[in-house]
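Welcome, and please bring the model up in your viewer. We will take it one selection at a time.

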Amino acid sequence: MALIYVLDAIKLLINNMNSKLKKFFKSFIWLGIFLYIVDLVTKLLAMKYSSTLMQEPLILIKGFLRISYVENKSAAFGIGTNNPQTNRIIYTVLALAGFAYIVYFYIKKNKTLKGLEKAALVLIATGAIGNLTDRTFFKFSNHCVVDWIDFYGIWPYVFNIADSCVVIGAAMLIIHLIVSEIKASVKKKKESVNEPKKILSKEEIERLKK
């Protein structure tokens, strides 16, 4: 009897773990954790070899892609004021506010959000926290955002994985919104076309004629 109770308890524990793992996978939080770690590790590596990369960037694809080292005192892609301290305060406040809103919205709408929407929100939040980490903890980079991805052949700005997360997440939401609006419009038109026409009585026809 005791063995049966133990086996039932183990089975229940496994079922609970599987259920939680499924929820965790569908939440896309694992994606945010993974990308945050990758962003952090790549930035630390860029800082480690910063002196070399500033003198001679590592070319991966000639005329297209290289690894550079830039300490960005502004926001993403160099957007910001000429005052580094002002930029740091403004960006920190905006990043915290944006992250707090995304988390609140995500938790409140979690059951109704689609997978793509969840993934997009997680990407944006990951990007915000990734660059916020630089400004808060990276004393070596003077609390600046570390950028290292350089498409020097086609793009004038150096960026990082956190920037990419924000841009990709925002693009996903915008495209999803546009597609959803188009689908809703098409569905509405089909419903209006298929809607049965009202048969008028003789009295109504006479009244309309008048």
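Which element of the chain has the lowest mean pLDDT, and which the highest? Color by pLDDT, the predictor's confidence in each residue, from 0 to 100, and you will find that helix H7 (residues 202-209) has the lowest mean, 66, while H2 has the highest, 95. Where pLDDT is low, the predicted coordinates should not be read in detail.

A word on ground rules. This is a predicted model, in which local features need pLDDT of at least 70 and side-chain atom pairs count only at pLDDT 80 or more, whereas totals for chains, interfaces and linings use all residues. Residues are numbered from 1 along each chain as its sequence is written, and side-chain values use heavy atoms, with hydrogens and water left out.

**Stop 1: the whole chain.** Switch to a cartoon view. The chain holds 7 helices and 4 strands; these are DSSP runs numbered from the N terminus, with helices (H or I) of at least four residues and strands (E) of at least two. Followed along the sequence, the pattern is α-α-α-β-β-α-α-β-β-α-α. The average pLDDT of the chain is 82, and 78% of the residues score at least 70. Of the 210 residues, 29% are buried (under 20% relative accessible area; exposed is over 50%, partly exposed in between, with a 1.4 Å probe and protein chains only).

**Stop 2: H2 and H5.** Select residues 29-48 for H2 and 115-137 for H5. Their axes lie 9 Å apart at an angle of about 30 degrees (lines fitted to C-alpha atoms over the stretch in contact, with angles from 0 to 180 degrees between N-to-C directions). The two helices are therefore roughly parallel to each other, a label for angles under 35 degrees.

Now show side chains where they are in contact, meaning heavy atoms within 4.5 Å. From H2, pick residues including Leu35, Tyr36 and Leu40; among their counterparts in H5 are Val122, Ile129 and Thr133.

**Stop 3: threonine 133.** Stay in H5 and center on threonine 133. Is this residue buried or exposed? Threonine 133 counts as buried because its relative accessibility is 9%. Leaving aside residues up to four places away in sequence, threonine 133 touches Tyr36, Leu40 and Phe138.

**Stop 4: isoleucine 61.** Move to strand E1, residues 58-61, where isoleucine 61 sits. With 43% relative accessibility, isoleucine 61 counts as partly exposed. Finish by drawing a C-alpha to C-alpha distance from isoleucine 61 to tyrosine 152: they are 9.9 Å apart in space and 91 residues apart in sequence.

How values were computed. Parallel < 35°, antiparallel > 145°, perpendicular 65-115°, else oblique.
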